[in-house]
Amino acid sequence: MDPVTSPLAAVLRVIKAVAACVLLAVASLAIIPLVNQHSDWPFAAYVGLWSAVVGWSLLWGVRKEMERMDRAVAAEHEIAVLRLALAQGGRLTAAQVARPLGWAEDATLATLRSMEHSRWITSTVTDEGVLLFEFPELLYDPARLPRPAGKPAEPAALHPAPAASGKDAAR
């Protein structure tokens, strides 16, 4: 299991967020002696400052962990969609993604739109009004491309000859 999305990581994020809130509350309470010009104001300022710094640091760390978790989940979703598209021939509708993966319509469309935004896929509307998502890299098949007469099917430059071994070089 991914350490970012594990249940233990979620519990630790909650604990960090609660601790951050407590520290920020302590920091705000430390202002009272400063306002009242109490004799312990240097100590209150010290406690308040450090509570605020540590509290904000914890909250910043939790936010970063949540962003990493969101990216990890998005990557897992994209991989699932790519596998499905490969199995389906490179063209899918949102329903063809949602049903087999068991996703809600909103999550499916969000993933497909994200992939479209990152240029993985393109979308078109068919004559019947169906939103079709196409995966150009999966649709591309060099064997189907027309070749001019007399051209080899695969250029030799793309497939260099294997290096000669010691035995072959001696012959």
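Colleague: Which residues make up the largest nonpolar core?

Modeller: A nonpolar core is a set of buried Ala, Val, Leu, Ile, Met, Phe, Trp, Tyr and Cys residues joined through side-chain atoms within 4.5 Å, and buried means under 20% relative accessible area with a 1.4 Å probe, protein chains only. Here there are 12 residues in all: V81, L84, A85, L92, A94, V97, W103, L112, M115, I121, F133 and F135. Helix α3 gives the largest share, three residues. Keep in mind that this is a predicted model, where local features need pLDDT of at least 70, side-chain atom pairs count only at 80 or more, and totals for chains, interfaces and linings use all residues. Numbering runs from 1 along each chain as its sequence is written, and side-chain values use heavy atoms, with hydrogens and water left out.

Colleague: What does I121 touch?

Modeller: Contact means heavy atoms within 4.5 Å. Leaving aside residues up to four places away in sequence, I121 touches L112, M115, E116, F133, E134, F135 and P136.

Colleague: At what angle do α3 and α5 cross?

Modeller: Axes are lines fitted to C-alpha atoms, for helices over the stretch in contact, with angles from 0 to 180 degrees between N-to-C directions. Helices are DSSP runs of H or I, at least four residues, numbered from the N terminus. The axes of α3 (residues 41-88) and α5 (residues 105-117) come within 10 Å and cross at roughly 85°. Angles of 65 to 115 degrees count as roughly perpendicular, so α3 and α5 are roughly perpendicular to each other.

Colleague: Which residues meet there?

Modeller: H77, E78, V81 and L82 in α3 meet T111, L112, S114 and M115 in α5.

Colleague: And how much of the protein is buried?

Modeller: Of its 171 residues, 21% count as buried.

Conventions
Helices (H or I, at least four residues) and strands (E, at least two) are DSSP runs, numbered from the N terminus. Angles under 35 degrees count as roughly parallel, over 145 as roughly antiparallel, 65 to 115 as roughly perpendicular and the rest as oblique. Buried means under 20% relative accessible area, exposed over 50%, partly exposed in between (1.4 Å probe, protein chains only).
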